[in-house]
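Here's a quick briefing to read alongside the model. Have the sequence and the 3D view open as you go.

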Amino acid sequence: MRVAFITRDGARVDAAAEPGMRLLEVAQAAGMPLEGTCEGQMACSTCHVILPADWFDRLPPASDDEEDMLDLAVGVCRTSRLSCQIELTDALDGIEVRIPAESWDMQKR
């Protein structure tokens, strides 16, 4: 399956993924600046991404814990999600994800 990342400068980066992968691991493999400090434990917001409304509406609703972490993210908007909480399925083939302008990977993966 394919995932399209839109970088903070507007460039499109296409990445290959397999169903069952978390969006965070696909983003990191593609060189996107998403730190994921807590390694998917939902204890930070360093993997915050923004989705177009049509893709956002296809995802299961965010949990209360995810919503709490998104409250701490910089540049959050209505279609923000934590990429560590998005498990890719065949239905998400071709998903487009925008990397927020405020994203930084201090670990330089």
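Helices (H or I, at least four residues) and strands (E, at least two) are DSSP runs, numbered from the N terminus. On that basis, the elements of the chain run β-β-α-β-α-α-β-β from the N terminus on. The radius of gyration, taken over C-alpha atoms, is 12 Å, close to the 13 Å that the globule rule (2.2 Å times the number of residues to the power 0.38) gives for 109 residues, so the chain is as compact as a globular protein of that length.

A word on the ground rules: this is a predicted model, where local features need pLDDT of at least 70, side-chain atom pairs count only at pLDDT 80 or more, and totals for chains, interfaces and linings use all residues. Residues are numbered from 1 along each chain as its sequence is written, and side-chain values use heavy atoms, with hydrogens and water left out.

**The chain as a whole**

- Three helices and five strands make up the secondary structure of the chain.
- Taken along the principal axes, the C-alpha atoms fill a box of roughly 30 × 30 × 25 Å.
- Of the 109 residues, 46% are buried; buried means under 20% relative accessible area, exposed over 50%, and partly exposed in between (1.4 Å probe, protein chains only).
- Take the contacts (heavy atoms within 4.5 Å) with a separation of 6 or more: residues 24 or more positions apart account for 65% of them.

**Surface and charge**

- The chain exposes about 5,800 Å², and carbon and sulfur atoms supply 49% of that; the areas come from the Shrake-Rupley method with a 1.4 Å probe, and for residues, only the protein chains shown count as cover.
- There are 10 positive and 20 negative charges, and their mean positions are 5 Å apart.
- For that tally, Lys and Arg count as positive and Asp and Glu as negative, while His and the chain ends are not counted; each charge is placed at NZ of Lys, CZ of Arg, CG of Asp or CD of Glu.

**Strands β1 and β5**

- Strand β1 (residues 2–6) runs parallel to β5, and four bridges join the two; strands pair if DSSP finds at least two bridges between them.
- Arg98 counts as partly exposed, at 40% relative accessibility.
- Beyond its neighbours within four places in sequence, Arg98 is in contact with Ile6, Val49 and Ile50.
- Pro52 is 46 residues from Arg98 along the chain, yet their C-alpha atoms are separated by 8.0 Å.

**Ala16 in strand β2**

- Ala16 sits in strand β2 (residues 12–16) and counts as exposed, at 54% relative accessibility.
- Not counting residues up to four places away in sequence, Ala16 touches Met1, Arg2 and Val26.
- Arg78 is 62 residues from Ala16 along the chain, and their C-alpha atoms are separated by 27 Å.

- Most residues other than glycine have a negative phi.
- Glu39, in the loop between α1 (23–29) and β3 (48–50), has a positive phi near 55°.
- Met42 is found in the loop between α1 and β3 too, with a positive phi near 60°.
- Glu39 is exposed, with a relative accessible area of 67%, whereas Met42 is buried, at 19%.
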